[in-house]
Structures are given as structure tokens and as C-alpha cells.
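Subject: Structure handover

Hello,

The structure you asked for is below. Please look through it first, then read the notes that follow.

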Amino acid sequence: MQESDWKETFLKLFISEVDENYDKALELKRTNIPKKLYRYRSIDSDEKMEFTKGEIITGEIYFADIKTFNDPFDSSSLLSNSVSSSYLNTPIIKDRWSISLKDHFSEQEFKKVFESENWYNKILELVAYKEQRSIGINKDDLKNANEYTLMKKLEGLNKHYNSIFHKRFRIACFTESNANLPMWAHYANQHRGICLEYDLDNIDSICNINRLFPVYYVEKLQDIVMFNSNSHNLVPILVWYYIIMHKLSDWSYEKEWRLIHNIDGLYINNKSFFNIPSKIYLGYSIDEKKEKEIREIAKLCKIPVVKMNITQYGLSDTEL
């Protein structure tokens, strides 16, 4: 199965409302996870060096706060439409409306509205008509005001969902390549940092494998309000993971995988144990003192060290 095929199949299974499909999704992902993943690290401060030492010596992974990421739309839902009917004129929402409004309409009004193909607009018109009678404002003006109010509520709901993602989840980022020039520049301090290699065949914890997800690069971010308007019984946390797995296509060069940590709003712990790296790559411009320090740590942990070089053929590594 090609990479794009299994990823799309995984996503469909993962957000299926059929319970057994969740286990099928995780199994499919486990069989297609890359053999190795990489984690670029900047070591330009004492604090960052200490974090990195922990990752090398103990396999401790630091999970970053989403709000600190360089992508302002990371792990966010964006509304895909500015018209309320796109969100509220669905069979699922119709069922909810019919239950909540049944006692507010006469039997004749209720039947006329909910048996109509244009039921949503009829609700807006009927509500506006009732308001017009009580406060004397033009019905069309009221209808427009109601539409504006509904969209503001939907915008507020989307904002609320995004705040949940950013407060409740932390992310450790990995990539499929150790020779990605923008990654070395952006995340390893202009080639002065390091890149940690992880051999996923040696990851003992099934929990860590299960919470490691590929990133999907898209032209438009997912719309959780729209998603919920068309979903019956999907577990909310699966929808949240679904949102966190998507990024705008501008970032596709990163070829990212995400280890997602749910802090559950109760106990905030930004660290967890993964595995010690299987190899360490040094940036070609790494400071000599820091290179020596990393090499000494790697020697104690029996981890091979590789230094990146600039050659006439591109960026390469040489065993030293």
C-alpha cells in the first residue's frame, strides 16, 4: 500500500463511528510507521542543553506547549463558511432543533417547518416573525440580525474548541529525515544544534506507539464545528486528535510525526519517557565545546555520533 493510501485509510478508520475501526486504525498505523524518526534540537542555551541531555541519557521527551509553536494556526480549527446554514442545516442538527423547539411552536407551525425541505430558513423566518410582533422591528432586519448572532456564536464555539486543544495537549515533534536543510536551520539553531535518531523497532511502550501520529498537510484546516454538525457519536478526544494531526501545506517540507500528550487539564507534566536515541547527528557548525560535551555523553550511553558536512554534492554525514 502506498504511503498516501494507508494514511487516508487510517484517518477514515480513526474517525469512524464504528468502535472496532479504532483498533484497526492503530494496527494499520503500527505496520506503516517509519523504521526511524528524527528530532532536531537546539542547544544554544543551558536550559535547552539540559533538556537534550535528558533525552539522550534517559530517553525523556519534552512536550512543547502548542502556543509556543512558530505556526500560529497549529492544532487549530478554522471555520470554512461564514453562513450559519452550512453548520445548522444538517440532518443531525435538524433532529436537535426539532426536540428543543417543539414546545415553542404550535403543532401546525412545527409540522409546516420541519416537513419542509427549506426547514432551516423557515425557522429563521418564524423566529423573526415572532420577534417582530413583540418588539416591532422589520422582519428582514431581524432575520439578518439572527444570522449575524448565530455566526458569532459559531465563531465563539470554534474559539472555545481551539482553546481546549491548546490548553489540554502538548506535542513532541519528529520528522522522517535527518538531512532536511530547513529543519536544521529552524529547529537546530542554523546547524549549530543536533539531530536525534530514534529506532522505532526498539520502542517498547505500545502506549508511545499508539500516540504517535503522522501529520496531514492540507490546503484548508479542518473545521471542527462543521465536523460536529455532521457527526453522531464520535468520541470528542478522537476529533481533537484529528484536528491536531492536520497542518497547512506550507509546512509539508517537515514530514512531521507527532507524539501527542493529553495533560487532561489536571496534572501538567511536560515530560515523558520515550527511548534513548539510536544515533546522534551533530550540526556541521556546532560549537566545539558543545560538540565535545555531546560526544562524552554519547560515549557513556554507547550511542554512535555522526557529524554533518557540507560537500559539493549536498549535506551529508560522515562517521567520525
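β4 gives the most residues, five, to the lining of the largest pocket. The space in this pocket comes to about 790 Å³. A pocket is found on a 1 Å grid over the protein atoms alone, as an open set of points where a 1.4 Å probe fits, with protein on both sides within 12 Å along at least five of seven lines; lining residues have an atom within 4 Å of a point. Grid points are joined across faces, edges and corners, and the volume is the space filled by probe spheres set on the points. The lining has 30 residues, and those closest to the pocket centre are Tyr40, Arg41, Ala64, Phe69 and Tyr187. Elements that give two or more residues to the lining include β1 (36–41), α3 (46–57), β4 (169–175) and α9 (181–187).

Some notes on the source. The model is predicted, so local features need pLDDT of at least 70 and side-chain atom pairs count only at pLDDT 80 or more, while totals for chains, interfaces and linings use all residues. Residues are numbered from 1 along each chain as its sequence is written, and side-chain values use heavy atoms, with hydrogens and water left out.

The protein chain has 13 helices and 13 strands. These are DSSP runs numbered from the N terminus: helices are H or I with at least four residues, strands are E with at least two. Of the 320 residues in the chain, 47% are buried. Buried means under 20% relative accessible area, exposed means over 50%, and partly exposed lies in between (1.4 Å probe, protein chains only).

Next, the cores. A nonpolar core is a set of buried Ala, Val, Leu, Ile, Met, Phe, Trp, Tyr and Cys residues joined through side-chain atoms within 4.5 Å. The largest one has 74 residues, and Phe10, Phe14, Trp97, Phe174, Ile194 and Ile280 have the most contacts inside it. Helix α12 supplies the largest share of this core, seven residues. A second, separate core has 10 residues, among them Tyr38, Tyr40, Trp184 and Val306. In soluble globular proteins, nonpolar side chains tend to be buried together.

Ile244 lies in helix α12 (residues 236–244). Is Ile244 buried or exposed? Its relative accessibility is 0%, so Ile244 counts as buried. Apart from neighbours within four places in sequence, Ile244 is in contact (heavy atoms within 4.5 Å) with Ser75, Phe169, Ile171, Arg258 and Ile260. Ile244 and Ile171 are 73 residues apart in sequence, but 9.2 Å apart in space from C-alpha to C-alpha.

Helix α6 (residues 107–114) has Phe110, Val113 and Phe114 buried. They lie on the same side of α6, because they cover an arc of only 80° around the axis. The arc is that of the directions from the helix axis to the C-beta atoms. The exposed residues Gln108 and Lys112 are on the face of α6 turned away from its buried side.

Last, two residues in the loop between α9 and β5 (194–199). Asn189 is in this loop, and its phi is near 50°, a positive value in a residue other than glycine. His191 is in the loop as well. Its phi is positive too, about 70°, although His191 is not a glycine. His191 is buried, with a relative accessible area of 8%.

Regards
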